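Dear colleague,

Please find the structure below, handed over for your records. My findings follow directly after it.

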Amino acid sequence: MTDTKKSIHGEWSSRFAFILAATGSAVGLGNIWKFPYITGENGGGAFVIVYLLCVLLIGIPIMMAETMLGRRSRQNPINTMITLADEAGADKNWHYLGWMGVIAGFLILSYYSVIAGWASAYVLKAFTGSFFGADAVAIKGLFDGFMASPVQLIFWHTLFMLATMLVVVRGVNTGLEKAVRFLMPCLFVLLMLLVAYAMTFDDYYDKGIKFLFTPDFSKLTANGVLTAMGHAFFTLSLGMGAIMIYGSYLPKNVSIAKTVYLIAGTDTAVALLAGIAIFPIVFAAGLEPAAGPGLIFQTLPIAFGNMTGGWLFGILFFVMLVFAALSSSISLIEPAVAWLIENKDMSRQQACIWSGSITWLLGLGTVFSFNVWSEFKIFDRTIFQLLDYLTANLMLPIGGFCIAVFAGWIMKQQHTEHELDMPDALSYKVWRFLICYVSPAAVFLVFLHVVGVL
Ligand code: PHE
């Protein structure tokens, strides 16, 4: 592989552009919508600790591996696996790993877009003053009424999918990069303000903070551990090729390790801030932490409806949330789009129309699982719950496991060493130990725990 090789889709204009894009991919609904509600469902502190450990021991090493694979081959994840397996003299079947990633991207985006549609609808609700002076009961009524309307959910899902495809169609430099440049810092500031607001509650520390940070391991089930691990993959966009494809647009001279620490650190900080902002409101309003996917939509509007300046604040918050979701959704579909362009000779437009339409159609399953099909269950789960479980808890960890095995055991050591170009020999050794033993073993042990062997 030559060092001058570039992706046919272009390249990030700088290291900073890659950081923004990869952080944009990582920070999204996962941090602000999903992290609080799954933490609530799984009892708080102990769940948070397992999640943090997974980010550190599994997420960060695998993120470095995924970025490295992408940059070495400069192609979509499927072709990357073919090329690199070939280079290492390994079996062709590794390309199925790329395929699983592309499919996971479709499945995730199909429900991600529906939830991002909720956030978009809440921009309008904030704007029209729907939250003004409302209490917990009124806000829950608003949310339940919205969920009961497939037409409204489809409308917002459609709008969000169109927005995603509009950005993706413009390509790496023009579309993706510009979209994330300003949004990430703004979101961060708004979250800090929300945390400051949450701190004004009496029970801020005793209930909110303690719930998040005091571990009670008796509340954590085997499935809770799996959810925490799956979420580490989901929130860092790992195991499906999103970071791999972004890595393939990464200029040669950039340090992968330092960049990854920064991205993972920011992502984790945003999730914790979201938790710190949301749980005091949950307890102050007498709500259930285990309220499920509606949690932030049933809590934050109460705050916006009752605080000074809440009208503007509410609008800004949901706008930022939509943009955070958008900068993630584009990375969910980019591997498929790149594959269609590289392998099927499609133009970027054609590739976007195809992949966008399929995802949109799949998304209807999620829309209906909140209303007309809410009683329809497979393995005791609605379509939305099934998609979420299948992707976040199974496909991403399995994908990540295989990436770790590939980077640690299949690729030649001199290649990984050269590509990662760590600042010192010890850092490389630590990474190698984690990727060869710790990360794959941890994923494997969690799976054994869930099936009851451990
Ligand atoms: N990381 C994104 C989030 O937290 C979701 C995502 C998962 C994006 C997988 C790309 C790949 O919202």
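I begin with R74, which is buried, with a relative accessible area of 4%; buried means under 20% relative accessible area, exposed over 50%, and partly exposed in between (1.4 Å probe, protein chains only). R74 is placed in the loop between α3 (45-73) and α4 (77-87); helices here are DSSP runs (H or I, at least four residues), numbered from the N terminus. The phi of R74 is near 60°, a positive value in a residue other than glycine.

As to conventions, this is a predicted model, in which local features need pLDDT of at least 70 and side-chain atom pairs count only at pLDDT 80 or more, while totals for chains, interfaces and linings use all residues. Residues are numbered from 1 along each chain as its sequence is written, and side-chain values use heavy atoms, with hydrogens and water left out.

Two further loop residues deserve mention. F379 is not a glycine, yet has a positive phi of about 50°. F379 lies in the loop between α16 (348-369) and α17 (383-410) and is exposed, its relative accessible area being 69%. K92, in the loop between α4 and α5 (95-127), is exposed as well, with a relative accessible area of 56%. The C-alpha atom of K92 is 6.3 Å from that of I82, the two residues being 10 apart along the chain.

I turn now to the ligand. It is surrounded by 15 residues, of which the closest are A26, G30, Y112, F234 and S237; a residue counts if one of its heavy atoms lies within 4 Å of the molecule. This shell divides into 7 nonpolar, 8 polar and no charged residues, where Ala, Val, Leu, Ile, Met, Phe, Trp, Tyr, Cys and Pro count as nonpolar, Asp, Glu, Lys and Arg as charged, and the others, Gly among them, as polar. At least two shell residues come from each of α1 (15-26), α2 (29-41), α11 (222-235) and α15 (310-344).

A backbone N or O atom of S25 lies 3.1 Å from a ligand nitrogen. A polar backbone atom of G30 is 2.8 Å from an oxygen atom of the ligand, and one of F234 is 2.8 Å from a nitrogen atom of the ligand. Taken alone, the ligand exposes 320 Å², of which the protein buries 100% (Shrake-Rupley method, 1.4 Å probe).

With kind regards

Methods
Polar contact = N/O pair within 3.5 Å; in protein donor to acceptor, adjacent residues only side chain to side chain.
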